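The exercises below are meant to be worked through with the sequence and the three-dimensional structure side by side. Please try each task before reading its solution.

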Amino acid sequence: MRATVMYSAGDVQIENVPDAQIIEPTDAVIRVSRACVCGSDLWPYQKMERSETGRVMGHEAIGVVEDVGAEVRRIKRGDFVIMPFAFSDGTCVFCHDGLQTSCIHGGFFGTTEVAGAQAEAVRIPLADGTLFPLGIHADETLMASLLTLSDVMGTGHHAAVMANVTPGKIVAVVGDGAVGLCGVIAAKRLGAEQIIILGRHTDRIALAKNFGATDVVSERGDEAVERVRELTDGFGVHSVLECVGLEQAMDTAIGIARPGGAVGRVGVPQEQTIPGSEPAFYNNVTVGGGPAPVRAYIEDLLPDVLEGKIEPGRVFDRTVDLDGVPDGYRAMNDRKAIKVMVTP
Ligand SMILES: [Zn+2]
């Protein structure tokens, strides 16, 4: 089968690899209907050291179950399913707590150990726990939004949950990438009264406003902090969604949180330390977040997608086939595309 293999920073190839197949009796194999390129795929795209074997990329997909192992009970051949970016058994203490990204038997797709979904097919470990069967047939108009439930929409939602967004709150979203844009959707959905997006790309800002952002701050650093304070009677915001992962973004996030506020961080951190320790301490700012348990959020978000109340699929502004994936990485890295969808 054909798949996307990354060998080093900037080196993404479409290659023939061994077919995805059942290895453990708890596995399934899905034929990928849609996959996509994640903002977090851009970190290895910028930094990965050369690997002789490479890494089959992609951790977001929807697809149709093609085969199941002997011990798979709940998932059936032909099911149309969402593949969350982490696999999980669905039975351990953390899965029961709705934190499937910490499953004691779990792990992540698109790593050197488990092949990813920017491919024709993908092997799903722990299929019964991992996959979410949609119980509907693939509907072309819904594909893009359903795909976002595998990561980006669930991740934006997680940022909002960790930042304690509730009705009436003043919210800021740091970052205008696809996760930040989904964070705007999530904040609005949870009842935020004012939503300030911090970003500077015209097309993304327009979409953010369409999703419910009320104010735009395009400054950076101290100027951004000052501008947000001006918009909030000098106090800062209740909830900050940090959707970037860089030091300056976190510094800004803590700088704009009001005393007693919270920062929900979902940008994969690129440094070992969290900046802003002193202001966070003196302002009693809660800092939380991590990899989103998107498997737990699908149930919550899916009805709104099916009813058309939210349309997170609009973050995709480019669609490619497998041969177009290397160009897709380039476009996202050059900020020429917000998020790229793949139709294998
Ligand atoms: Zn588990």
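**Exercise 1.** In what order do the three strands of the open sheet lie, and is their pairing parallel or antiparallel?

Solution. Keep in mind throughout that this is a predicted model. Reading across the open sheet, the strands come in the order E2-E1-E4, and the pairing is antiparallel. Strand E2 (11–16) and strand E4 (55–56) stand at the edges with a single partner strand each, so one side of each has no neighbour in the sheet. Strand E1, which covers residues 2–8, is joined to E2 by six bridges, and across this pairing Val5 stands opposite Gln13 in E2. Helix H12 (residues 325–333) packs on the sheet, where it touches E1 and E2, and its direction makes about 160 degrees with that of E2.

**Exercise 2.** Locate Thr4, and decide whether Thr4 counts as buried or exposed.

Solution. Begin with the position in the chain, which places Thr4 in strand E1. The next step is accessibility: buried means under 20% relative accessible area, and Thr4 counts as buried because its relative accessibility is 0%. Finally, look at the surroundings, where, with neighbours within four places in sequence left aside, the contacts of Thr4 include Val12, Gln13 and Ile14, as well as Arg55 and Val56, and also Val325 and Tyr329.

**Exercise 3.** Which residues donate to the zinc ion, and what is the geometry of the site?

Solution. The protein donors are Asp89 through OD and Cys92, Cys95 and Cys103 through SG, and they lie 2.1 to 2.4 Å from the zinc ion. Along the sequence these donor residues follow the spacing D-x2-C-x2-C-x7-C. For the geometry, four donors count as tetrahedral if all angles lie between 85 and 135 degrees; the angles among the four donor atoms here are 91 to 125 degrees, and the site is tetrahedral. As a point of reference, the ideal angle for four tetrahedral donors is 109.5 degrees.

**Exercise 4.** How many residues of strand E12 are buried, and which way do they point?

Solution. Strand E12 (residues 194–198) is mostly covered, with five of its five residues buried. Gln194, Ile196 and Leu198 point one way from E12, while Ile195 and Ile197 point the other way.

Now turn to the partners of E12. Strand E11 (residues 170–174) pairs with E12 in the parallel sense over five bridges, and Ile170 has Gln194 as its bridge partner in E12. Together with helix H6 (residues 178–189), E11 and E12 make a right-handed β-α-β unit. Strand E13 (residues 215–217) also runs parallel to E12, joined by three bridges, and Val217 in E13 is the bridge partner of Leu198. From E12 the chain crosses through helix H7 (residues 202–211) to E13, and this β-α-β crossover is right-handed.

**Exercise 5.** Explain why helix H9 is described as largely enclosed by the rest of the structure.

Solution. Count the buried residues of helix H9 (residues 247–256): seven of its 10 residues are buried, so the helix is largely enclosed by the rest of the structure. The buried residues are Ala249, Met250, Thr252, Ala253, Ile254, Gly255 and Ile256.

Notes: Residues numbered from 1 in each chain as written. Predicted model: local features only at pLDDT ≥ 70, side-chain atom pairs only at ≥ 80, totals over all residues. Heavy atoms only, no water. Donors = N, O, S within 2.8 Å, 3.2 Å for Na, K, Ca; no water. Tetrahedral: all angles 85-135°; square planar, octahedral: opposite > 155°, others 65-115°. Pairing = 2+ DSSP bridges. Helix = DSSP H or I, 4+ residues; strand = E, 2+ residues; numbered from the N terminus. Contact = heavy atoms within 4.5 Å. Axes fitted to C-alpha atoms, helices over the stretch in contact; angles between N-to-C directions. Buried < 20%, exposed > 50% of the residue type's maximum accessible area, 1.4 Å probe, protein only. Right-handed = clockwise from strand over helix to strand, strands pointing away.
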